[in-house]
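Work through the exercises below with the sequence and the 3D structure at hand. Each task is followed by a solution in steps.

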Amino acid sequence: MAREARKISKSGNYYIVLKGNELFVTEEDKKQFKAILERNFATGIVRGCVIEKEEIRLVVKEGEKGISMTMKPVTTSYARYFNRTHDREGKLFLGRFKSVPLETSEEIEESVKNLKKADSSKKNARKNADKAAADMANKKTAKTAEKETAKKVKEEPVLPKRKDTSRNLPSWLL
């Protein structure tokens, strides 16, 4: 089955999404991607950018060659850098990048605003997740401490006293 052709924007503006399993390991990787993006978009314009561990979202104006040929050196250059730096082989990005044409200035502004909102809400979500993880860790340590004290109490079982019935039993049962 053939894939659907990329929709072309009359204005040359696009909302782009690149996905991968682990696109960035260090902060240096993010800096390197931004440098590659700036270098390869010399004829185009990057209006907004959100970089996450498994996803990159951009609002861009394509260069002279079209969006596919403008993005190709960005993705290949970064993939080569990442594979060489982290001593790995193979594809870095999952499939081809997704692009949505943006025709009006309102669509462009809305997309850039949504990038900024999503980026700030993800940062807040990460902070909340970190706080929740710390709370869970504290609760787990408290529960394990309780369990350990309970185990210590259980280790010393108190048995009921038995009556000495050995005197009443025949010798062959003893």
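**Exercise 1.** Find the strand that holds Arg-57 and state whether Arg-57 is buried or exposed.

Solution. Step 1: Arg-57 belongs to strand β3, residues 55-61. Strands (E, at least two residues) and helices (H or I, at least four) are DSSP runs, numbered from the N terminus. The model is a predicted one, in which local features need pLDDT of at least 70, side-chain atom pairs count only at pLDDT 80 or more, and totals for chains, interfaces and linings use all residues. Residues are numbered from 1 along each chain as its sequence is written, and side-chain values use heavy atoms, with hydrogens and water left out.

Step 1: The relative accessible area of Arg-57 is 8%, so Arg-57 is buried. The cut-offs are under 20% for buried and over 50% for exposed, with partly exposed in between (1.4 Å probe, protein chains only).

**Exercise 2.** Identify the salt bridges of Arg-57 with Glu-52 and Glu-55, and the network they belong to.

Solution. Step 1: Apply the criterion, a side-chain nitrogen of Lys or Arg within 4 Å of a carboxyl oxygen of Asp or Glu. Side chains of opposite charge can pair when their charged atoms come close.

Step 1: Glu-52 meets Arg-57 at 2.7 Å, N to O. Glu-52 is buried at 9% relative accessible area.

Step 2: Between Glu-55 and Arg-57, the closest N and O atoms are 3.1 Å apart, which makes a salt bridge. Glu-55 is buried too, at 18%.

Step 3: Through shared partners, salt bridges join Lys-19, Glu-52, Glu-55 and Arg-57 into one network. The structure holds five salt bridges.

**Exercise 3.** Which helix holds Glu-110, and how accessible is Glu-110?

Solution. Step 1: Glu-110 sits in helix α3, which covers residues 105-155.

Step 1: With a relative accessible area of 44%, Glu-110 is partly exposed.
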